[in-house]
Amino acid sequence: MKKIAAGVAALLLATVMIQPTVGQAEKKTAADVDKELRVLQEQVKKARAQKSKAAENKQEAQHYKNKTTKNLKLVMEQISIVSNELTKISVKIEETEDLLRTTTKELEAAEERIASREKLLESRIRLIYMDGQVSYLDVLLSATSFSDFIERADSLKTIVDQDQDLLVQHKQDKLLVIDKKKELEGQYATAKDLYGQMEDRKSILNEKEQEKRVLLAQYDQDIEDADILTEEQDKMLVALASKRSDLQKEKNKLAAEEAARKAAAAKAAAAKRAKATTLGGSKGGGGYTGNGGPFAIPVSGARLSSGYGPRVHPVTGEVGKMHTGQDFAVPQGTEIRAAESGTVILAEWWSGYGNCVIVDHGGGVWTLYGHIRNGGIKVSEGDKVSRGQKIAEVGSTGQSTGPHLHFEVRVNGSPVNPSPYL
């Protein structure tokens, strides 16, 4: 894109460089001007080639953007799936952390019970060690009566049962501690795996988000660049057309002074007819009749559907878009006639104008006729046309919503309000 822009700058520089000085113009011959015209034509050819390439780039970028929209939909679905998985993993992590806390509490409680029993057992062993081993039989035989015997027997049974139960619980708690430690190890491993899954899903999610942003931005930028380049090429073609017009006039002056005098006489005669009704403007079922300006109305029986100035663009919907001419609503195929005598300097497809004709009337004044139907251009570049001569047929090519003529008046290449000229 930068290389093409550099080419545009080079062409503009070349256009400026070939402009003759007053002294040079006096020394030139018709052959010199012909040579300059050939150089200029080559520049026009290059500019058109670059413009065509920009249009192809834009079309290709738009194609891939449309294709990318489908890919974007798929990426969004993948983002939704990964987000749902991430939510489920987060729930599992919370559940696992709850189990870890519960298991830890159970393990701590079992360890506390074991520590408490070990203290009790240590004290019992210490007591036996200090007092010596007392036989259960000796305790029973030292009873003073039968009732004392029974009480001693019950007390011994209670002590034995308590010791037995204490040992059983102690053993169970030790086994429980082993089980809870294994359970904790499993839960920690599960939590570690879940956290790993979460990081994986987050990484995938970040990748998909980045992919989404790239898909959204990539081809929009390409299309914008192509539009900028096309605009630059349009300016270049206008500049080259202006230069070509100047050279052509210079050639005509050097080659045929008599032809120039006849053209001036024709222009003077046209000025006298300025206020006359032109091209049946007051006929054709009460169509647009103009404002009494010097130019003829280019189509008959037309309705002025859109004037010069800011408006909402009918194709793009852009608010405040400058409308650089007037739109005349007429049926497809309606004859388009030259608003004034002059020289055709452009007769081809031209950007949003579609098929287009530009006529140079001298003095830096041009008229432009846009949206001509395919095959509807009836003149060629360099042709001399007379006021009221058929030059094209109405169509709806380029950025158009229906058959109409887009008519412009340009002074030194810049659009002006056509209304005072009609």
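Start by selecting the lining of the largest cavity: by class, you'll get five nonpolar residues, no polar ones and two charged ones. (Nonpolar covers Ala, Val, Leu, Ile, Met, Phe, Trp, Tyr, Cys and Pro; charged covers Asp, Glu, Lys and Arg; the others, Gly among them, are polar.) You're looking at a predicted model, where local features need pLDDT of at least 70, side-chain atom pairs count only at pLDDT 80 or more, and totals for chains, interfaces and linings use all residues. Residues are numbered from 1 along each chain as its sequence is written, and side-chain values use heavy atoms, with hydrogens and water left out.

A cavity is a set of points on a 1 Å grid over the protein atoms alone where a 1.4 Å probe fits but cannot get out, and lining residues have an atom within 4 Å of a point. The volume here is about 30 Å³, meaning the space filled by probe spheres set on the points, which are joined across faces, edges and corners.

Now colour α3 (30–131) and α5 (146–255), which each supply at least two lining residues. α5 gives the most, with four. (Helices are DSSP runs of H or I, at least four residues, numbered from the N terminus.)

Next, jump to Trp350 and Tyr353. Their ring centres are 5.3 Å apart and their planes at 25 degrees, so the pair is stacked (centres within 6.5 Å make a pair; planes under 30 degrees apart count as stacked, over 60 as edge-to-face, the rest as tilted). Both Trp350 and Tyr353 are buried, that is, under 20% relative accessible area with a 1.4 Å probe, protein chains only.

Terms used:
On a 1 Å grid over the protein atoms alone, a cavity is a set of points where a 1.4 Å probe fits but cannot get out, and a pocket is an open set with protein on both sides within 12 Å along at least five of seven lines; lining residues have an atom within 4 Å of a point. Rings of Phe, Tyr and Trp (its six-membered ring) pair if their centres lie within 6.5 Å; planes under 30 degrees apart count as stacked, over 60 as edge-to-face and the rest as tilted. Buried means under 20% relative accessible area, exposed over 50%, partly exposed in between (1.4 Å probe, protein chains only).
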